[in-house]
Amino acid sequence: MNDKIIGILGGMGPEATAHFYFKLIKATPSKTDQDHFRVIMDSNSKIPDRTSAIFGNGENPVPALIETAKTLECAKVDVACIPCITAHYFIDEIQESINFPILNALRELDTYIKANYPDIKNIGILATSGTLKTGLFNKYLSDYNLIYPDEDIQSNKVMQAIYSPQYGIKSGVIEGKPIDMLVETGEILIKNGAQILIAGCTEIGLVLNSSHFDIPLIDPMDVAIEAIVKNKY
């Protein structure tokens, strides 16, 4: 029985949060409504942008992240997930302020890769510039050679695909140009030696999957959902 109450600390962005919840529903073995988890979700789109804060150009998101986590605490969740990779930079600060565990998707990602791709050495990372600046993937995937886009491609392809007001994923565009830009970047990482790719931003996971490449593309949110369904927390 899936008796645990799952919290989703969301809103970063709203569509990525909804996508995470939908994937959790699909991944849960069920024959009736009652077979599913009870899920409490706070999709707080008012949380300040994480990348801007990391670069010193925006408001600190931690108070809003903690406030949102406290909402889940009041709802008595057993464990929570954060469908935003960049927000994992602040996960320790959030965890210190609440009394339930937050599933760390990047720690789970390391475990998953070791179990399923034991011979892999080179991993390509598609993520926001804020995530890259924090060194999150270097911290949690320290046993691998990580391959990133160069600065020009990161700024003009990856970040534009995510943030552009005209055609970015955060603007609601989930087909066409942003996919083309991310696929082009992924192919460059493969050319540079990547054996698997990581969709290191939840917006990227909205639009890309392994069918876009000849090598595996892993979404850390899928790994987090697998951990929930297997009752690892």
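The legends below describe close-up views of a predicted model. Residues are numbered from 1 along each chain as its sequence is written, and side-chain values use heavy atoms, with hydrogens and water left out.

**View 1. The largest nonpolar core comprises 33 residues.** A nonpolar core is a set of buried Ala, Val, Leu, Ile, Met, Phe, Trp, Tyr and Cys residues joined through side-chain atoms within 4.5 Å; buried denotes under 20% relative accessible area, exposed over 50%, and partly exposed the range in between (1.4 Å probe, protein chains only). Leu109, Ile113, Ile123, Phe137 and Leu141 have the most contacts inside this core. Two or more residues are given by each of β1 (5–10), α1 (14–27), β3 (79–81), α5 (105–116), β4 (122–127), α7 (136–140), β6 (196–200) and α11 (220–229); helices (H or I, at least four residues) and strands (E, at least two) are DSSP runs, numbered from the N terminus. The largest share, 7 residues, comes from α11. Apart from this core lies another, of 24 residues, which includes Ile169, Ile179, Leu182 and Val207.

**View 2. Helices α1 and α11 pack at about 45 degrees, with their axes 10 Å apart.** The arrangement is therefore oblique. Axes are lines fitted to C-alpha atoms, for helices over the stretch in contact, and angles run from 0 to 180 degrees between N-to-C directions; those under 35 degrees count as roughly parallel, over 145 as roughly antiparallel, 65 to 115 as roughly perpendicular and the rest as oblique. The contact (heavy atoms within 4.5 Å) involves Phe20, Lys23, Leu24 and Ala27 of α1 and Met221, Asp222, Ile225, Ile228 and Val229 of α11. These residues divide into 7 nonpolar, no polar and 2 charged, where Ala, Val, Leu, Ile, Met, Phe, Trp, Tyr, Cys and Pro count as nonpolar, Asp, Glu, Lys and Arg as charged, and the others, Gly among them, as polar.

**View 3. Helices α8 (residues 151–163) and α9 (residues 177–191) cross at roughly 140 degrees.** Their axes come within 8 Å, and the two helices are therefore oblique to each other. From α8, Ile153, Asn156, Lys157, Val158, Gln160 and Ala161 meet Pro178, Met181, Leu182, Glu184, Thr185 and Ile188 of α9. By class, this contact has 7 nonpolar, 3 polar and 2 charged residues.

**View 4. A cis peptide bond joins Met12 and Gly13.** Its omega is about -5 degrees, and Gly13 lies in the loop between β1 and α1. Most peptide bonds are trans.

**View 5. Lys76 has a positive phi, near 65 degrees.** This residue is in the loop between α3 (62–74) and β3. Lys76 counts as exposed because its relative accessibility is 64%.

**View 6. Thr131 is located in helix α6 (residues 129–134).** With 1% relative accessibility, Thr131 is buried. Neighbours within four places in sequence aside, Thr131 contacts Ile85, Thr86, Leu136, Phe137 and Gly200.

**View 7. Met41 belongs to strand β2 (residues 38–43).** At 38% relative accessibility, Met41 is partly exposed. Excluding neighbours within four places in sequence, Met41 is in contact with Ile8, Thr17 and Tyr21.

How values were computed:
This is a predicted model: local features need pLDDT of at least 70, side-chain atom pairs count only at pLDDT 80 or more; totals for chains, interfaces and linings use all residues.
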